[in-house]
Amino acid sequence: MAEVAKEQGSTPPRKVSYRKSKARWHPSMQAIPVPGIRRMVNLAATMKDVIHLSIGQPDLPTPKHIIDAYIDALNAGQTGYTMDAGLPELLVALRDYYGKRYNRKLTRDNILITSGATEAMYLAISATSTPGRQFIITDPSFLLYAPLIRMNGGEVKFIPTRPENNHQLDPDDVIKAMGPRTFALILNSPNNPTGAVYPRSTIETIVEECAYRGVQIYSDEVYDHLVFDDDDYASVLSCAVDLDNIMCISSFSKTYSMAGLRVGWVISSQAAIKSLRRYHMFTTSVANTPAQFAGVAALTGNQQCVRDMVNIYRERRDLIMKLIDETPHLTGYKPGGAFFSFPNLPAHVDGSDLALRMLKETGVCVVPGDAFGEDTANALRFSFSTSCENLEEAFGRIIPWMAKQGF
């Protein structure tokens, strides 16, 4: 065959080698760290007999009437798109619920339904963060905020909170931190990772100063119902004169154990919502439709289920405070809400290294403090979104192990 090919003047096929190339990621991707939570959970997934005090999602079951509403929506064929702003029935339910709760007149045009509070915060930050704009956030804080700000060119300015002050935010520190480039402040109360609940005096002082200076406030209030010691929860919706510089963000995830159903919202001025609706159309378009019907049932149904869950979390909070106090080398405090405690280790101890060793040697998974801030490397986040039995078992392993550590 080769001789025939040669006689006919043909040449053998040319060998081509292709150069391997990497994906050309946008440089802003460098602002996204490897989440400390995911690192620990991925390792735990390869192990047996692990007790998780790590992930911040409810372990309690979703109330039955909410599940029934979801199933009814599916059976009724409610599987298409809703309006881009959200299901009209849910917009009305949110308007009525929050209008009554905070004695504030709202309209449907003040609300945008999103795919969880994460999308709501993504829209708010990425639509406004830009070079030259400074955002003030607490240290520690939820790990979403700072990377999103930096990805879009904004600057992050941290205000530390301390365990000896129950991680309360001092409004004087906020005011002192403000300067000519300050564009926005991100509030999160009850706070993740600390569980701190800011009193009304703090929120009112901050809201008033931001209104005076024209500084935006993005208030992450996803834990707004999980408050253990004070029924007077201070939302920006009840403290602000108007909504011109306010975006209040929340979801059904924590309050009603609906984390996987992915429905959240933004409440703001009509002008802000109008702009965010356009952006939302090109991100997720609409939130999960049957889940929005479930949300209507959550808001309009009997709220005893929420009170029952809060009582359970309060019992666990009290237990974990006791257990942390009994643990060598941990310094705790009293978290007022959410389902987190964020105790300190001795100042020179690397919490990331200790959390890794503790997981490998005891089978208890917690999250190191450096996942949440630049000044919290010697802290650990404990989630008490698990049973009292699991908490007792986990600390039954942790306490003797910590006693052996030669700090």
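The second largest pocket holds about 360 Å³ of space. Of the 14 residues lining this pocket, R101, H225, D231, V306 and R307 sit closest to its centre. Helix α12 (304-325) gives the most to that lining, with 5 residues, and α4 (88-101) also supplies at least two.

A quick word on what you're looking at: this is a predicted model, where local features need pLDDT of at least 70, side-chain atom pairs count only at pLDDT 80 or more, and totals for chains, interfaces and linings use all residues. Residues are numbered from 1 along each chain as its sequence is written, and side-chain values use heavy atoms, with hydrogens and water left out.

On a 1 Å grid over the protein atoms alone, a pocket is an open set of points with protein on both sides within 12 Å along at least five of seven lines, a cavity is a set where a 1.4 Å probe fits but cannot get out, and lining residues have an atom within 4 Å of a point. A volume is the space filled by probe spheres set on the points.

Now for the largest pocket, with 30 lining residues; I37, T118, F142, L143 and K254 lie nearest its centre. The elements giving two or more residues to this lining are α2 (36-44), α5 and α6 (145-151), and the largest share, 4 residues, comes from α6.

There is also 1 cavity of 30 Å³ or more. Its lining includes Y97, Y98, D224 and H225, and α4 and β7 each supply at least two of the lining residues.

| Space | Volume | Lining residues by class |
|---|---|---|
| Largest pocket | about 730 Å³ | 18 nonpolar, 7 polar, 5 charged |
| Second largest pocket | about 360 Å³ | 5 nonpolar, 3 polar, 6 charged |
| Largest cavity | about 30 Å³ | 5 nonpolar, 4 polar, 1 charged |

Last stop: helix α10. In α10, A272, I273, L276 and H280 are buried (under 20% relative accessible area, with exposed meaning over 50%, for a 1.4 Å probe and protein chains only). Seen down the helix axis, these buried residues fall within an arc of 90°, so they line one face of α10. On the other side, A271, K274 and R278 are exposed. What covers the buried residues includes β2 (111-114), α5 (116-126), β7 (246-251) and β8 (264-268), where contact means heavy atoms within 4.5 Å.

Definitions and conventions: Arc of directions from axis to C-beta. Nonpolar A, V, L, I, M, F, W, Y, C, P; charged D, E, K, R; others polar.
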